[in-house]
Amino acid sequence: MKRISRLLVANRGEITRRIMRTAREMGIETVAIYADPDSHAPFVHEADEAIALGGSTAAETYLDVARVIDAARRSGADAIHPGYGFLSENAGFARAVVEAGLTWVGPSPEAIAAMGDKLAAKRLMMAAGVPTLPSTEVPADGRADLQAIAAPIGLPVLVKAAAGGGGKGMRIVRSTAELAEAVAGAQREALGAFGNGTVFLERYLEAPRHVEIQVLGDSHGNLIHCFERECSIQRRHQKIIEEAPSPAMTPELREQMGLAAVTAAQAIGYTSAGTVEFLLDTNGQFYFLEVNTRLQVEHPVTEAITGLDLVREQIRIAQGERLDVHQGDLAIRGHAIEARLYAEDPANGFLPATGTVLAWEEPKDSPARFDSGVETGSDVSLHFDPMLAKVIVHAPNRTEAALRLARVLERTRIHGVTTNRDFLVATLRHPAFLAGDTTTAFIEKHDPARVRRPAENEVRAAALAVALKSQDERRRGASLMRTLPSGWRNNPSQMQQTVFTHQGEEVKTGYLAQRDGSFDYEVAGVRGSARLHRADGDLVDVEIDGSRRVLAVAQRGSQFWVQGASGEVQLTELPRFPDSEQEEVAGGYAAPMPGKIVSIHVEPGDAVTRGQLLMVMEAMKMEHRITCVEESAKVTEVRVAKGDQVEAGQMLVVVEGSG
Amino acid sequence: MEVLRSRLDTRSEGYQSNRVAMLEKLAYIETQLELARAGGGERAIARLRSRGKMLIRERIEMLLDRDTPFLELSPLAGWGSEFNVGGGLTMGVGTISGVECMIQGNDPTVAGGAMTTYAAKKIMRALEVARQNRLPYVQMVESAGADLRRSTDSAEAEMARQTTHFAESGRFFYDITELSAMRTPTMSIVFGSSTAGGAYQPGMSDYNIFIRGKSKVFLGGPPLVKMATGEESNDEDLGGGELHATKSGLADYLVDDELAAIRKARQVIAHYNWRKLGPGPTMPPDPPLYDAEELLGVASPDLRVPFDIREVIARIVDGSRFEEFKPLYGTTLVTGWASIHGYPVGIIGNNGVLFSDSSEKATQFIQLCNQVDVPIIFLQNITGYMVGRIYEEGGIVKNGAKMINAVSNSNVPHITIIVGASYGAGNYGMSGRAYNTRFVFCWPIAKIAVMGPQQLAGVMSIVRRGQAAGAGVPFDEEEDAKIRAAVEDRSEKESLALFATGRVADDGIIDPRDTRTVLGLTLSAVHNNEVRGTTGYGVYRM
């Protein structure tokens, strides 16, 4: 046994914090590595030592094997945990770690290599008798007869990157006409993300469940499974809500799938924690998808229902220890659900969002596990994955877990960055979700609300609270007559006015200080009386028509985030004096986010129609298609060139004559 | 510092009835303020709005820094006259881009903003406030010109006709440029017409902001030009914003609409590099220990009922702290030190009629305030200087004159609040309107006159009786009673605070509960100028 005393986590964000937490609990020192954009991230501060890798992109830092090994050497670490993503499933890295004389917390390089090629993995599983979906590889020369290749599989097919994961490089094709573009796009994306452009086609099941089995194997030949997780709620093939156990599971099926997973793992002599993923169709038939030779993002739900600490198990296995649990010891307790909070805009095609987290606060009185990578003041950049945190609840049953998680999310303060929180809450509270009717087509089929529509009185309260807080700040900051009553008039003719917009609607907010310190108000046409009890820092304790509440407010320029008990309200204050001449392009297409122009499909003078592709840009290693939304129009100007780096909001194409 | 202890019994009948009476008066005043705000009425307002224009008070509200206080001066000018309450012009002291300014503007809903005699008087007052306190001056001009309407033939109108002459008017152009010469910037925002004589309003200003298509400034309009030279023209050719911004140079800034004009004014003022010459507040500004609400019941509307002025002081000064000076001497006058919203002040308040000793005490205290550059707050409730043989013998004229000498030559700012009576020379000695006091405000129950109505009627009756006796004719008692009643009635009416405020003889009637706020705001305003006591007085008659 080789005891680990100083562990380097070759990752970033929440997973680094989570791994370091267990390491600390086990008495192991921690070392973090970081890229420049992460230099103020919480995981850097929490590590016993943090090594700067220098550089901003993933390729220059977390994906650079030599630099990571060098960091381990410089810091005196004796082991490396790769987390998930980045180099976690890179056999070459695992090998380099071992060759450097360090302990690798993960499966053997051989097991990683065997599963890294999805096609080879499938063949291996077929040989071991694990059910699989029909598939075929696409030759890389780009001249293949795609139609012929796809024929035996049948439509629809899924185009997948052989080296892929996380939905990157994945495309669904329902007609042969789309095949060529989908394959080309997937190859481009796969090459960009994994350095390997190989893709394959696979039968696509329309609405399966995604069910995976967690396995644990030690180097003494013990291999157990820790039941299933269901991760069917996905968007863009990325999991956003995961749970354990699966609502579709029966004890018989669990036994069958568990056995299949253990068989699969044994076939490659698997050690450490790993996950065997399956698709489960409506008939209870399951098909092998792939093996993830690493810790999964969603591992906490398994930890919740089994009581295991999977990172602890990984470290113990890496130290050469024997598993101290046997299959028969494990039992499922209650139900756990995890939601992934992303900095992204569900209302705008889930495009990644960036910015500074002005306020991050977990609700104090609701039991939930937060594995978060950010805190108040953190920057969310475009350099890395936009996941902010995972929130996990464990409850006696599924309904309680879902409802509690929704409430926890709703009450979490996340100000300054657009997130998928409302969408997660709407999904968790959706009757179909509560009924356990979860498939990978859930979002498409049920389309949960992407943005919460707060009640009118909630919006009014938020507007009034912000207006009164701003008023209070202005009075406190006044250089003259600071102690005089706010907005005092001996002949009052009107209220003090602030105009906000909320979800595109104007909210006119007026208030007039009264002699007793209260305020008469009129907000969106509703009149009443309010009292500002306290406005300290970002908390506003306000009483409106006798109802008292404390709201937390964050501000960036004219934007306000207001967190109340029933959720968040975002307001934008309109300038007191309207801005003069701002250049406005009547019909134009602006970049929805910062990124790079990959291809341009129109020229000035072109006539375009609705749905026509104008250009493709790449951001966050995903391609975004800019298509014509007008019935018909003419391109008058193309303002960017292929390869240009563009800012969010930058005008790309100008068109005229819309219908 | 000592803290005042109130002896006011808020459960007493007197307090309660005082309070009811005060609230009644305030309710009436509110109806008059409402009239002032309503300007020229609904139709005129609708017409103004239909032209994309804002009301005068809306213009002022936009001009002011958000949530800052604004004190409107003489809102009830013209009360009791045939003119609109407010006189068609709004003015006050407020903060623009962090600078306290004297702001005035025509109310274009009232006869097109035509300049009434009350508006003219208010402008003169606005300029005086700006000059005395060194407040940058902003005028918002939109006026149809002079109000050429003749007053009806009341005795008053007749007197006005006999005592005013065109050659005496127009002084305000002089005042505007004088202000500029005193290094206090002046600005005109021209919202509409400002023609003929009115053209000199922007003409004399340091900064002019014009609105495209709305501002009109010319000496002679199209009809006059046609008559004078035969030239055909229109308003825009003669005096539009475009012409003045590009050709004549009268406009410094040309903007597209009213909001843009106001924003421009705020930007220009932000660049005034304004530094107040007086110090900022230096004392703890904590609120009084006693509720301002109780000021409603302190004073009786029957001014013969005395009350302790310390009850007022306890409710307006910081922490109710008051360091009384000479508390055992001349006890009908209360003098002492306090602070209001952090500004140190000397306070002189009446607790009865002025005697020789109280006059001397006032004289000494005024000199002390001047010695250390402390502004003085006068709280007037004065029926006058004591009369009678032994008082004359004791030199009441001489000692009253000392007090008036000291008040007149005092150079620290005075702010006067008339909380009750203000009769005769008492008004002068306690720094009344004519004594260069920076601001004068009245409580609703205040009365200002040469003497009490009954005394006046009685005095006149005695004179008539003497005349009858001298002429040897019988005295008509019945006729005398009638005359006495009429004189008393008229005198009572004319002594009301509303009468004074209607004639712009004060700066406005204030709600007693606002006294501290009004003092805080005006104290801050007066500190824009240097606060320095005098070193010389007139020769004191000893």
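In which loop of chain A is A:Pro156 found? A:Pro156 is in the loop between α7 (146–150) and β7 (157–161) of chain A; here helices (H or I, at least four residues) and strands (E, at least two) are DSSP runs, numbered from the N terminus.

The views show a predicted model, in which local features need pLDDT of at least 70 and side-chain atom pairs count only at pLDDT 80 or more, while totals for chains, interfaces and linings use all residues. Residues are numbered from 1 along each chain as its sequence is written, chains are lettered from A and ligands numbered from 1 in the order in which they are written, and side-chain values use heavy atoms, with hydrogens and water left out.

View 1. A:Pro245 belongs to the loop between β12 (238–244) and α9 (251–267) of chain A.

**View 2. A:Ser272 has a positive phi.** The value is near 75°, in a residue other than glycine. A:Ser272 lies in strand β13 (residues 272–280) of chain A.

**View 3. Helices α1 and α11 of chain A pack together.** Two packed helices are described by the angle between their axes and the distance between the axes. Axes are lines fitted to C-alpha atoms, for helices over the stretch in contact, and angles run from 0 to 180 degrees between N-to-C directions. For α1 (residues 13–25) and α11 (residues 310–318) of chain A, the angle is about 65° and the axes are 9 Å apart. The contact (heavy atoms within 4.5 Å) is made by A:Arg18, A:Ile19 and A:Thr22 of α1(A) and by A:Leu310, A:Val311 and A:Arg312 of α11(A).

**View 4. Helices α18 and α19 of chain B pack at an angle of about 145°.** α18 (residues 453–471) and α19 (residues 477–495) of chain B have their axes 8 Å apart. Residues of the contact include B:Pro453, B:Leu456 and B:Arg464 of α18(B), and B:Ile483, B:Val487 and B:Glu492 of α19(B).

**View 5. Chain A meets chain B.** In this interface 28 residues of chain A are in contact with 34 residues of chain B. The size of an interface is often given as the accessible area lost when the parts come together. The area buried between chain A and chain B (accessible area, 1.4 Å probe, lost on being put together, summed over both) is about 3,100 Å², and carbon and sulfur atoms give 50% of this area. A:Trp488, A:Arg576 and A:Phe577 supply 24% of the area that chain A buries against chain B, more than any other three residues.

**View 6. A:Arg515 forms a salt bridge with B:Asp514.** Their closest N and O atoms are 2.6 Å apart. A salt bridge is a side-chain nitrogen of Lys or Arg within 4 Å of a carboxyl oxygen of Asp or Glu. Between chain A and chain B the count is five salt bridges. The elements of chain A that give two or more residues to the side touching chain B are α16 (456–477) and β24 (496–502).

Notes:
Buried area is the accessible area (1.4 Å probe) that two parts lose on being put together, summed over both.
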